[in-house]
Amino acid sequence: MSDSDNAPWRTGHEPAGATPLSEHDKNGLRLSWVATWADLNAAEAANIAKALGMRRWYGYSTEKLLDDHVQRTLHRAMFDEVWKWAGRYRTTETNIGCDPHHIGVRVRELCENAKHWFTGTMAVDEAGCMFHHELVATHPFANGNGRHARVATDLLLRSLGAQPFTWGRVNLVQASTTRKAYIAALQAADRGDHEPLITFARS
Ligand SMILES: Nc1ncnc2c1ncn2[C@@H]1O[C@H](COP(=O)(O)OP(=O)(O)OP(=O)(O)O)[C@@H](O)[C@H]1O
Ligand SMILES: [Mg+2]
C-alpha cells in the first residue's frame with residue numbers, strides 16, 4: 001500500500017467545517033468534489049447511512065460480528081465510497097492506538113475475548129463498553145475508528161437482543177460538550193475505569 005492510500009490522520013477533533021482540506025488530508029480520497037471538512041463529513045455520513053441501510057448487518061450473530069474480517073468489511077462498507085483505504089488497517093502511527101504491526105493480532109484477540117464478555121456473566125452494557133474502548137484504543141484504521149466502533153458495538157448489542165447505546169444522543173463527530181464527555185469517558189477507560197463510559201453510552 002502506498003502512503004497516499006493511508007494518510008497519517010490527526011485523530012480526535014477534525015477542523016471546523018469550512019476549513020479546506022489540505023492536499024495531505026485528501027490522500028486516498030475518491031471524491032474530487034470534497035473540498036472542506038464539512039463536505040467530507042457529509043460524504044462520509046451519506047456513505048455510512050447507505051451501509052447501515054443494508055439488512056445483512058442486522059442478521060449477523062454475535063459470534064459472526066466478533067470476527068476481524070467482518071469488522072473490516074463493516075469499515076469498508078461505511079467508508080469505501082469516500083476513501084480508498086476503507087476496510088484496510090492503517091500502516092502508519094497515529095497519536096491514539098497501537099503500533100500498526102500489532103493491529104491484526106490485537107483485533108483478533110479482542111474478538112476472542114469479547115466472545116467471553118458477551119456470552120458470560122458480564123452485564124451486556126459493560127461488555128459493550130469494554131469492546132468499544134479496546135477497539136478505539138487499538139485504532140485499527142487511519143480514520144473513522146470512532147464511528148465504526150460505535151456502529152460495531154451497537155450491532156453486537158442488537159445481536160443479543162439489547163437496545164443499542166444512545167451515545168449522548170448527539171452526532172459525536174462535531175465538537176460539543178457531549179463529545180467532550182465521551183472522550184473523557186474513554187480516557188477514564190484508558191485508566192481502567194469503564195463506569196463513566198457505561199453511564200455515557202446510555203445517556
Ligand atoms: N483517549 C482515548 N482513548 C481511546 N479512544 C479514544 C481516545 N480519544 C479518542 N478516542 C476515539 O478515537 C475516535 C477518533 O478517531 P477517528 O478520527 O479515527 O474516528 P472518527 O470516526 O473519524 O472520529 P469521530 O468520532 O470524530 O467521527 C473518537 O471518536 C474516539 O472513539
Ligand atoms: Mg476522524
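Author: In helix H1, the residues Glu44, Asn47, Ile48 and Ala51 meet Ala77, Met78 and Phe79 of helix H3 (contact: C-beta atoms, placed from the backbone, within 7 Å; helix: a DSSP run of H or I of at least four residues, numbered from the N terminus). The model is predicted, so local features need pLDDT of at least 70 and side-chain atom pairs pLDDT 80 or more, while totals for chains, interfaces and linings use all residues. Residues are numbered from 1 along each chain as its sequence is written, and chains are lettered from A and ligands numbered from 1 in the order written.

By class, this contact of H1 with H3 holds 5 nonpolar, 1 polar and 1 charged residues. H1 spans residues 37–52 and H3 residues 68–79; their axes lie 6 Å apart at an angle of about 125 degrees. H1 is therefore oblique to H3 (under 35 degrees is roughly parallel, over 145 roughly antiparallel, 65 to 115 roughly perpendicular, the rest oblique).

A second pair is formed by H5 (residues 124–138) and H6 (residues 145–159), whose axes come within 9 Å and cross at roughly 155 degrees. These two helices are therefore roughly antiparallel. Among the residues making their contact are Gly128, Phe131 and Leu135 of H5, and Ala149, Thr153 and Leu156 of H6. The classes here are 8 nonpolar, 5 polar and 1 charged.

Pro164 touches Asp154, Leu157 and Arg158, leaving aside residues up to four places away in sequence. Its C-alpha atom is 16 Å from that of Arg55, 109 residues away along the chain.

Methods
Axes are lines fitted to C-alpha atoms, for helices over the stretch in contact, and angles run from 0 to 180 degrees between N-to-C directions. Two residues are in contact if their C-beta atoms, placed from the backbone, lie within 7 Å. Ala, Val, Leu, Ile, Met, Phe, Trp, Tyr, Cys and Pro count as nonpolar, Asp, Glu, Lys and Arg as charged, and the others, Gly among them, as polar.
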